[in-house]
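Please have your viewer ready.

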Amino acid sequence: REILYMAYDLEEQESLAEIKAWWEKWGNLILTVVTVACLCAAGFQGWRWYQMKESTDAGVLYAQMIQASNMKDEARVQAIAGRLHESYASTTYAGMGALLAAHNAETAGKYAEAEKALKWIVESDKYPELKPLASVRLAGVYLDEGKYDQGLAVLNAVKDAKGEEVPVYDRMGDLYLAKGDAAAARKSWEDALRHAPMTNPLVGVIEIKLNSLPKE
């Protein structure tokens, strides 16, 4: 029995020696890898927390902006839009705020301010989901200002945006008609109807526009 215990003891010592040698060789590397992984995980969680906080803060500001818009407080609307632009440009609320600011500026007849806000969205890569709408709105500002070619250039850049073809082609028709090109206006409105499901609320409006054109 003592011989058996001695054998086990020798085996344990050999195992411990092997483990010790292995740890001396690889231990520092393993500790480094584990430490880096922990730091990365902590950094990722911290970044997620920061993004969540930033989005929440921007959402609160946007809610205040809507309230100011409903109260027709133009100065406050523009002030909040500027703050969203400067401090929360990475959030969608900044783009939405620019759209709302442009709407209020248009309503007040301040086309230069509306154009500036809408161009900020159109020329940015941060808000692809808002770009077609902003382009249609910007083209509408150019339509009011008589800048028909500039409006058409803006719309041509987004006319292939999937799911947004109807308002884009509709506004193109408006611009062509204002230019005096009834044939191009007709084609644009026909293109709009070609992309539109019958449930689209613009269908009836576009059909009225088409029927108002002189017969070819």
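Which residues does Leu118 touch, not counting residues up to four places away in sequence? Leu118 meets Leu99, Ala102, Ala134, Arg137, Leu138 and Val141, where contact means heavy atoms within 4.5 Å.

Before going on, a word on the ground rules. This is a predicted model, in which local features need pLDDT of at least 70 and side-chain atom pairs count only at pLDDT 80 or more, while totals for chains, interfaces and linings use all residues. Residues are numbered from 1 along each chain as its sequence is written, and side-chain values use heavy atoms, with hydrogens and water left out.

Leu118 also belongs to the largest nonpolar core, which has 30 residues; together with Met65, Leu84 and Ile121, Leu118 touches the most other members. Such a core is a set of buried Ala, Val, Leu, Ile, Met, Phe, Trp, Tyr and Cys residues joined through side-chain atoms within 4.5 Å, and buried means under 20% relative accessible area with a 1.4 Å probe, counting protein chains only. Two or more residues of this core come from each of helices H1 (2-70), H2 (74-87), H3 (92-107), H4 (111-122) and H5 (131-145). H3 is the top contributor, giving 7 residues. Apart from this core lies another, of 20 residues, including Val136, Leu155, Ala184 and Ile206.

Now zoom out. The protein has 9 helices and 0 strands, helices being DSSP runs of H or I with at least four residues and strands runs of E with at least two, numbered from the N terminus. Of its 216 residues, 34% are buried. Among contacts between residues at least 6 apart in sequence, 52% join residues at least 24 apart.

Note on methods
Buried means under 20% relative accessible area, exposed over 50%, partly exposed in between (1.4 Å probe, protein chains only).
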